[in-house]
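Please read them with the coordinates open.

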Number of protein chains: 4
Amino acid sequence: MVSHIGLVGLGKMGHNMRARLRRGGIEVTGFDPRPEVTDVATLEALVEALPSGKRVVWVMVPAGEPTRGVLAELGKVLTSGDIVIEGGNSHYVEDQERAAELAEKGVGYVDVGVSGGVWGLENGYGLMAGGSSEDIEALMPVFDALRPEGPRAEGFVHAGPVGAGHFAKMVHNGIEYGLMQAYAEGYELLAAKDLITDVHGTFKAWQRGTVVRSWLLDLMVRALEDDPKLAKLDDWVEDSGEGRWTVDEAIAAAVPLPVISAALFARFASRQEASPAMKAVAALRQQFGGHAVKSAQ
Amino acid sequence: MVSHIGLVGLGKMGHNMRARLRRGGIEVTGFDPRPEVTDVATLEALVEALPSGKRVVWVMVPAGEPTRGVLAELGKVLTSGDIVIEGGNSHYVEDQERAAELAEKGVGYVDVGVSGGVWGLENGYGLMAGGSSEDIEALMPVFDALRPEGPRAEGFVHAGPVGAGHFAKMVHNGIEYGLMQAYAEGYELLAAKDLITDVHGTFKAWQRGTVVRSWLLDLMVRALEDDPKLAKLDDWVEDSGEGRWTVDEAIAAAVPLPVISAALFARFASRQEASPAMKAVAALRQQFGGHAVKSAQ
Amino acid sequence: MVSHIGLVGLGKMGHNMRARLRRGGIEVTGFDPRPEVTDVATLEALVEALPSGKRVVWVMVPAGEPTRGVLAELGKVLTSGDIVIEGGNSHYVEDQERAAELAEKGVGYVDVGVSGGVWGLENGYGLMAGGSSEDIEALMPVFDALRPEGPRAEGFVHAGPVGAGHFAKMVHNGIEYGLMQAYAEGYELLAAKDLITDVHGTFKAWQRGTVVRSWLLDLMVRALEDDPKLAKLDDWVEDSGEGRWTVDEAIAAAVPLPVISAALFARFASRQEASPAMKAVAALRQQFGGHAVKSAQ
Amino acid sequence: MVSHIGLVGLGKMGHNMRARLRRGGIEVTGFDPRPEVTDVATLEALVEALPSGKRVVWVMVPAGEPTRGVLAELGKVLTSGDIVIEGGNSHYVEDQERAAELAEKGVGYVDVGVSGGVWGLENGYGLMAGGSSEDIEALMPVFDALRPEGPRAEGFVHAGPVGAGHFAKMVHNGIEYGLMQAYAEGYELLAAKDLITDVHGTFKAWQRGTVVRSWLLDLMVRALEDDPKLAKLDDWVEDSGEGRWTVDEAIAAAVPLPVISAALFARFASRQEASPAMKAVAALRQQFGGHAVKSAQ
């Protein structure tokens with residue numbers, strides 16, 4: 001069973017994960033380009049520090065080029081029997097491609113979707129894994145150290161073969177978009193109504209007994225505690241890519257996704273200074289009816 | 001058959017309608033508070049100017065209080081056998097209430113949805129009427145003067161009893177919201193793509209042979225002709241009430257209306273300086289992930 | 001302080017609430033037309049059973065006519081200083097009308113949105129109240145007995161004047177529609193993908209550490225535990241009225257509600273045997289392209 | 001200038017296009033595997049039949065494999081200076097890949113989006129072309145024969161370099177989805193209301209004077225003429241791929257597309273026997289409230 005792993009990437013997520021793994025009794029050798037956080041100077045040094053036999057390296061760097069770069073380097077230094085865990089937010093199709101390449105060298109590949117954000121250090125991380133049963137089995141001590149306390153099945157799933165972990169995480173994030181937008185729309189409607197004299201208190205009162213209680217609701221209460229009218233924030237919302245992939249995937253599978261897509265589009269719109277589409281609607285109204293429009297300033 | 005009517009309200013719509021009616025051989029006595037456009041000084045004078053027997057007064061003033069006020073005054077001066085035509089954008093339920101009140105005095109009521117905007121003077125107006133067959137029959141010369149040339153059934157419908165005219169017009173406008181938003185979204189996507197070097201030309205090329213050709217498309221081409229990037233316009237779009245009623249009505253009838261409601265909500269959003277809902281989403285992301293947010297300026 | 005109340009309506013909700021109130025030390029005299037559950041034979045008997053002075057009657061019957069009927073009867077037998085609590089799902093505007101009528105007799109009115117479903121007996125109920133501070137203050141022992149254990153503010157809010165309780169509950173239910181649809185869309189996408197070999201396990205693994213953890217998620221896990229492919233259920237979903245009111249209210253306030261409205265429309269569509277709108281789209285495609293359509297069977 | 005072209009694919013579209021090209025004075029040698037419609041026995045024979053110098057072959061076969069196969073074969077037999085026109089519904093990225101391959105041999109590539117359906121033979125086809133100005137210029141006699149009569153710019157656009165034609169056609173089809181759904185939703189709402197006694201007549205009356213008049217509206221009127229309640233049709237609607245690409249493209253460009261995506265999802269839903277998502281919502285309601293659900297039959 002695995003008791004010592006390498007961890008590449010000690011950013012916001014990786015740094016906390018190293019701490020939680022160590023608390024859970026897993027030895028961790030971490031690598032990061034930033035000298036103030038790294039345990040070793042190079043990726044090669046990290047691999048050399050691991051016990052020979054089934055070496056395990058968890059990759060926790062940004063999706064896309066950074067992940068691809070680290071995996072390519074690991075492909076050079078790892079050997080048959082070793083396992084790579086891709087714990088970032090890779091697209092599941094990339095997992096399948098990377099796994100096939102590494103399999104040619106006998107290196108195993110497991111993809112893990114990790115949820116929990118900055119709270120994971122204390123609460124534990126929800127984990128969704130894809131890979132062979134054999135690889136997953138070997139890694140269970142690692143997963144057990146990271147996941148929340150309580151029954152294993154409430155914080156960890158072996159969702160299917162390679163790619164399934166990130167596919168499940170992608171859908172998780174798509175759901176998350178929908179949930180956040182639902183609370184947000186409710187907030188706007190409450191805040192728009194003078195009749196409601198305590199919007200923060202209303203959200204707060206939903207925390208224990210109602211159908212809508214959730215961790216996101218708890219966070220909403222915290223946010224309103226600090227800033228009851230959200231006056232300190234701009235209405236500008238980034239999207240991380242996984243919401244987009246979720247909708248792309250639904251389109252490929254002919255699955256209707258009205259709520260999740262609406263939540264995604266609301267984020268796109270939030271980042272526009274002006275909406276070209278709504279300019280076009282204004283233009284049409286001006287053309288047919290002489291309706292009032294506003295000139296661009 | 002009716003050959004002389006009163007017309008109350010000589011604004012953007014009423015003024016043009018008077019002109020088209022007169023061209024079509026209908027005598028019109030118009031009343032408007034503005035001395036420069038009115039034919040008579042008072043509503044009473046208008047009623048007196050009409051031929052006795054079946055007097056007909058077409059009301060063409062803004063929906064809501066103005067219309068209610070004029071109809072109340074007419075209720076006092078008209079008598080059994082006369083007919084009121086409500087040609088504004090009243091809600092169909094109000095039509096039914098007004099008609100019931102006037103019916104107690106023997107005054108008929110016909111509601112007419114009028115479409116065509118500022119172009120109606122030349123093109124004719126699309127007309128949707130609600131009322132009794134007898135009243136509609138008597139008014140056909142008036143409708144024939146207003147509607148476009150060509151077969152009567154392609155510019156006029158007796159859609160049902162009182163209220164049906166405005167209900168049909170309400171749905172017409174709901175459809176209009178959806179159509180405009182569809183073109184607008186297509187515009188935004190074309191304009192976002194550098195590959196397309198001629199957005200205006202693309203819309204223009206759709207005018208004669210394609211599946212999407214329409215009058216609104218022709219207007220879109222005109223708008224882009226004047227201002228190819230719609231740079232002169234703000235992305236601020238009013239809604240007139242009928243889009244809202246359409247969605248309300250669909251909700252009452254349990255009819256799914258995803259496209260028309262999305263078009264309506266896009267207009268609401270276009271008028272917000274900042275979206276409270278998207279502030280809430282930003283707040284949630286900040287809470288759980290330490291994600292980048294923008295502070296309000 | 002109030003220690004004995006009347007409770008009208010001992011159905012699915014009222015029956016459990018009586019039990020929880022009694023456990024919490026509140027004396028309850030319940031009335032219901034069904035002899036097997038009622039404590040007294042008539043509404044009059046219920047009122048007589050209450051301690052004189054500030055009598056309190058909680059009404060927990062279906063919204064609409066049943067509630068209106070009970071409130072009208074209570075209006076006859078209650079006297080100045082008494083308080084009615086409307087705990088059903090009345091529309092907040094009706095609350096305001098009823099409260100005004102009762103106020104003429106000096107009878108107080110408090111509206112309370114109650115959330116928690118069949119689980120409320122054990123977990124406690126989330127409560128949102130509208131009314132005067134004086135009335136709410138007097139009723140706090142009752143609310144404390146019903147709400148979940150823990151800090152009062154996490155299970156109870158005085159949201160504003162009369163109507164605010166039901167307005168808050170209406171928005172709560174609108175949010176609930178959006179949350180449920182978000183999970184449901186995610187479920188469909190996971191279930192559509194062969195790569196995911198354990199859909200139930202995936203939902204289960206989200207329960208403790210992830211961003212999407214919630215009570216509804218826990219219920220989803222229970223549902224999939226019983227029936228992993230939901231094969232025993234029809235895809236037919238009722239809507240209770242509050243989702244509709246939420247969207248109506250948003251339209252009145254010009255608040256965009258894309259997610260909650262999409263969730264509502266999905267329910268409407270779920271109850272249609274065939275979609276007239278999609279027949280119309282099929283008809284159009286057949287007209288312009290000779291595209292394949294299916295004939296009605 | 002080109003006066004004789006090869007045309008590969010004589011199906012529903014190609015067959016009519018050959019006829020219209022010939023009427024317009026363009027010599028056409030057509031190839032199709034079906035002997036009853038083809039002019040020549042093989043693709044090689046088609047190429048040989050063309051005048052030497054700048055040979056032009058228009059490909060009009062189903063998108064995907066069929067188109068790829070024909071283009072690969074043409075790549076073998078065409079030589080420097082020849083031009084291929086891809087007139088099917090290829091994805092614009094594939095155009096760019098194919099063009100690059102053919103350019104290595106000096107063969108030009110022009111992609112043309114063609115709209116008009118079965119009506120194009122009589123009305124002419126709306127054309128959107130992508131390619132070099134030189135190639136487009138040489139092909140104008142061909143485009144002029146196909147496009148509708150009237151000003152060239154109202155039936156043809158050179159939208160940009162290779163890929164722009166199909167990108168424009170893709171957006172055209174996305175708009176088409178939105179337009180069709182808007183009319184369809186309006187139809188459903190009118191048909192649901194007893195107040196409207198003449199749904200067909202209402203659509204018919206919109207044809208000449210209203211804001212919503214269009215070719216699609218004319219087709220709707222035709223469809224309702226044949227079958228006023230659309231009773232002969234199933235509510236099952238295919239999607240052709242271009243709607244999906246439009247939404248994919250919008251997601252890639254962060255362009256909100258609420259209406260077009262809603263129209264696409266409505267088609268997906270129309271083809272489901274039962275909605276897994278709505279089963280999940282039903283399951284949740286059953287879990288928390290003991291709400292009525294329907295068992296699968």
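**Notes on the predicted model**

1. I begin at a contact between chains: leaving aside its neighbours within four places in sequence, Q287(A) is in contact with V118(B), W119(B), L219(B), R222(B), A223(B) and D226(B). This is a predicted model, and the remarks below should be read with that in mind. Q287(A) sits in helix α12 of chain A, which spans residues 276-289. Is Q287(A) buried or exposed? With a relative accessibility of 13%, Q287(A) counts as buried, the cut-off for that class being under 20% relative accessible area.

2. The helix that carries Q287(A) packs against a helix of another chain: α12(A) and helix α9 of chain B (residues 215-226) cross at an angle of about 105°, and their axes are 9 Å apart. Because angles of 65 to 115 degrees count as roughly perpendicular, α12(A) is described as roughly perpendicular to α9(B). On the side of α12(A), the residues that meet the partner helix are A280(A), A283(A), L284(A), Q287(A) and F288(A), while α9(B) brings W215(B), L216(B), L219(B), M220(B), R222(B), A223(B) and D226(B). By class, the residues of this contact of α12(A) with α9(B) comprise 9 nonpolar, 1 polar and 2 charged.

3. From α7(A) the contact draws on F167(A), K169(A), M170(A), V171(A), N173(A), G174(A) and Y177(A), and from α10(A) it draws on E242(A), G243(A), W245(A), T246(A) and E249(A). The contact of α7(A) with α10(A) has 5 nonpolar, 4 polar and 3 charged residues.

4. In chain B, E242(B) is placed in helix α10, residues 242-252. What does E242(B) contact, leaving aside its neighbours within four places in sequence? On that basis, E242(B) is in contact with N89(B), K169(B), M170(B) and N173(B). As for distance along the chain and in space, E242(B) and G24(B) are 218 residues apart in sequence and 30 Å apart from C-alpha to C-alpha.

5. The largest nonpolar core has 239 residues, and those with the most contacts inside it are F203(A), F203(B), F203(C) and F203(D). Taking chain C as the example, and leaving aside its neighbours within four places in sequence, F203(C) is in contact with Y183(C), Y187(C), L190(C), L217(C), M220(C), V221(C) and L224(C).

6. On symmetry, chain B can be laid on chain C with an RMSD of 0.0 Å by a turn of 180° and a shift of 0.0 Å along the axis, which is the relation of a two-fold axis. Among the residues of chain B, D248(B) comes closest to the rotation axis, its C-alpha being at 3.1 Å. The same surface serves both copies, since 100% of the contact residues of chain B recur in chain C.

7. Chain D can likewise be laid on chain B by a turn of 180° and a shift of 0.0 Å along the axis, with an RMSD of 0.0 Å. In chain D, the C-alpha nearest this axis belongs to S214(D), 1.9 Å from it. Of the contact residues of chain D, 100% recur in chain B, and the same surface serves both copies.

8. Two backbone values in chain D deserve a look. L230(D) has a phi near 50°, a positive value in a residue other than glycine, and lies in the loop between α9 (215-226) and α10 (242-252) of chain D. L230(D) is buried, with a relative accessible area of 1%. A254(D), in the loop between α10 and α11 (258-270) of chain D, has a phi near 55°, again positive in a residue other than glycine.

9. Finally, for chain A as a whole, there are 12 helices and 7 strands, and the C-alpha atoms fill a box of roughly 75 × 45 × 40 Å, taken along the principal axes. Buried residues make up 64% of the 297 residues in chain A. Among contacts in chain A between residues at least 6 apart in sequence, 63% join residues at least 24 apart.

Definitions and conventions. Residues are numbered from 1 along each chain as its sequence is written. Chains are lettered from A and ligands numbered from 1 in the order in which they are written. This is a predicted model: local features need pLDDT of at least 70, side-chain atom pairs count only at pLDDT 80 or more; totals for chains, interfaces and linings use all residues. Side-chain values use heavy atoms; hydrogens and water are left out. Contact means heavy atoms within 4.5 Å. Helices (H or I, at least four residues) and strands (E, at least two) are DSSP runs, numbered from the N terminus. Ala, Val, Leu, Ile, Met, Phe, Trp, Tyr, Cys and Pro count as nonpolar, Asp, Glu, Lys and Arg as charged, and the others, Gly among them, as polar. Copies are superposed by least squares on the C-alpha atoms of residues with pLDDT of at least 70 in both. A nonpolar core is a set of buried Ala, Val, Leu, Ile, Met, Phe, Trp, Tyr and Cys residues joined through side-chain atoms within 4.5 Å. Buried means under 20% relative accessible area, exposed over 50%, partly exposed in between (1.4 Å probe, protein chains only). Axes are lines fitted to C-alpha atoms, for helices over the stretch in contact, and angles run from 0 to 180 degrees between N-to-C directions. Angles under 35 degrees count as roughly parallel, over 145 as roughly antiparallel, 65 to 115 as roughly perpendicular and the rest as oblique.
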